[in-house]
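I opened the notebook to record what I looked up in this structure.

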Amino acid sequence: MKRIFLWWGERALLLLVSCIVLFPILWMFLTAFKRPRDAYSISLHFKPTLSNFVTVFSDPWNLGEMVVNSVTVAATTVLIAVPCAALAAYSFSRFRVRGRKFLFFLILSTQFIPAVVIILPFFLMFRTLGLLDTRIALIVVNLAIVTPFVIWMLKGFIDAIPTDSEEAALIDGASRFRVIRDIVLPMAAPGVLTATIFCFILTWNEFLFALILTRRNAVTLPVGLVSFRTEQGDLWNLMSAAGVMITVPIFIMALLIQKHFTRGMTAGAVK
Amino acid sequence: MAEVKLVDVEKRYGSFLAVPKQSLTIEEGEFLVLLGPSGCGKTTTMRMIAGLEEITAGDLMIGGERVNDKPPKDRDIAMVFQNYGLYPHMTVAENIGYPLKLRGFNRQAREARVAETAEKVELGKLLKRRPSELSGGQRQRVALARAIVRTPKLFLMDEPLSNLDAKLRVTMRAELKHLHHELGVTTVYVTHDQMEAMTLASRVAVMRKGRIVQLDTPKMIYSEPANLFVASFIGSPPMNLIDGVISQGTFTAPGVNLPVSAADRGNVVLGIRPEELDLVPADGEGLFSGLLYALELTGESTLVTLREGTTVVCARGGADFDAPIGTRCALVPKAGARLHLFDKDSGERV
């Protein structure tokens, strides 16, 4: 009896939490397909339309440009950050160098600095370099934000890989670099994938730096959302359509690679 | 094939001395076993030869060439690890073929060599499987195949059989012995299992606290242990070691009275192997007379333990030996039995 009660209680709680988490997302999706006059109505009966999506991609909103900016910034950041971080993480994990712990702490400590504190120096620096309102500035800033995080994440994964296979490869005739490429990265694949996604999501969602460092040319999607708060009020239907455009790629990505998260690659390496 | 020479090699981890300065020459084509209890430095010694550990001091020569500063890949060695060290994301064929791939063999040549090697260790039917789909014995054979797929100067084996069950271990031991006979490659083998050491080795180096305490053929290690440590480590059941004194040509200890040809001295340890003792009726003249303490039937024989005061002596009796616990029995050395005398303080052979 007690067990049945617990079973139902657990389900009810899960359902409640899911509802709380999913409701705003569901509401955003619904609003994206509503006409402006339906946007403020709480009724679920409305005539769906795609006009919001057409509007956000045309003048003056031009969401297309922002999509290009966001994709370019996020993809470039991932492509640079993950390989660099993987090498750094491997070094931190495997080489016993003097000052290793301190260096690792130093890298991690950059994560403790609130973004607001450094945003002004960044602004001045990029202005001096003539890089304000460019994707390069955003990529550089995002690299500084995500790389320490990815190093830390990957180090955890690499630490968990037994060194036997690596040593076997070294003796079989592989160089250290070849060992990383042929043995460590494939074995750490779930970790690398997880880090890649986190890195992509962090960069994709990054708001504060993009808001301050861009004006017209390099504006990314999250900053673009703000432009739907106009003098005529908040354009909820358009903002929701843009919101859908931001969230859908992340959803699809998560769905596609979800199964890789759980599949361990180290099974069978050692006893 | 190559000769391996360790000249005054030492290994330190910070201030901790793992392997004190020592020299060792492994002859070309030899099967040398490093034997010792856990933590005695045998694996560290092997890893220094492999290039997986830096050498703190001294020189390591393989085939007459100093290799201290050479990375493992340039030492032309193959190694079998205790935990196999397979590549889990590769198939059995890819695992075995990896050393060839690194040496630039083309696909065809690789496949032919892999198939040939796999047949040798009876893995022919499993080539497309991944390590996770194999049993422990099969994984061990993949590790072995990966080592023998090419002919290196030197084989290193780090307790390769320790993860296998007892039956498989015996089979694999024979396979290793046969492989060494067939390939004739210099082999260094690390184990804490004296049975493996005795059956496989051309020579055994018994190690204790980082030092080689005896280096000799298995036969000599067994019959002429250099000190108390080797005497007690080799043999199952171990050698009987009885503390006593020698006076007027007789070794005496509680329950023991045995003529020996040695000068008088105190603080001496007498060693005699259980299989060199015979059980005799209690009323006869015996080396050792005591009360029956335990009987252990091993199948082909019975281990008989007698006790008198602080002295405990074990002997190997016939499989049909039986007597009630507590019976008084006596033991005499068989004709031609070896008696070993050790100094109790230094542990060295007298």
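The notes below go from the whole chain to its aromatic rings.

Entry 1, overall. I note at the start that this is a predicted model. For chain A I find 13 helices and two strands. Along the principal axes, the C-alpha atoms of chain A fill a box of roughly 70 × 70 × 30 Å. Chain A has 271 residues, and 39% of them count as buried. I looked up contacts with a separation of 6 or more: 73% of those in chain A are between residues 24 or more positions apart.

I read an accessible surface of about 15,700 Å² for chain A, with 72% of it belonging to carbon and sulfur atoms. Chain A carries 24 positive and 14 negative charges, and their mean positions are 5 Å apart.

I get 15 aromatic pairs over all chains. In one of them, the ring centres of Tyr90(A) and Phe95(A) are 5.8 Å apart and the planes are at 85 degrees, so I log the pair as edge-to-face. Tyr90(A) counts as buried at 1% relative accessibility, whereas Phe95(A) is partly exposed at 30%.

I then took Phe122(A) and Phe209(A): their ring centres are 5.5 Å apart with planes at 90 degrees, so this pair is edge-to-face. Phe122(A) sits in helix α6 and Phe209(A) in helix α11, so the pair ties together parts 87 residues apart in sequence. Both Phe122(A) and Phe209(A) are buried. With Phe126(A), they form one aromatic cluster.

I find Lys34(A) over the face of Trp27(A), 4.4 Å from the ring centre. Lys34(A) also lies over the face of Phe46(A), at 5.2 Å from that ring centre.

Terms used:
Residues are numbered from 1 along each chain as its sequence is written. Chains are lettered from A and ligands numbered from 1 in the order in which they are written. This is a predicted model: local features need pLDDT of at least 70, side-chain atom pairs count only at pLDDT 80 or more; totals for chains, interfaces and linings use all residues. Side-chain values use heavy atoms; hydrogens and water are left out. Helices (H or I, at least four residues) and strands (E, at least two) are DSSP runs, numbered from the N terminus. Buried means under 20% relative accessible area, exposed over 50%, partly exposed in between (1.4 Å probe, protein chains only). Contact means heavy atoms within 4.5 Å. Accessible areas come from the Shrake-Rupley method with a 1.4 Å probe; for residues, only the protein chains shown count as cover. Lys and Arg count as positive and Asp and Glu as negative; His and the chain ends are not counted. The place of a charge is taken as NZ of Lys, CZ of Arg, CG of Asp or CD of Glu. Rings of Phe, Tyr and Trp (its six-membered ring) pair if their centres lie within 6.5 Å; planes under 30 degrees apart count as stacked, over 60 as edge-to-face and the rest as tilted. A charge sits over a ring if NZ of Lys or CZ of Arg is within 6 Å of the ring centre and within 35 degrees of the ring normal.
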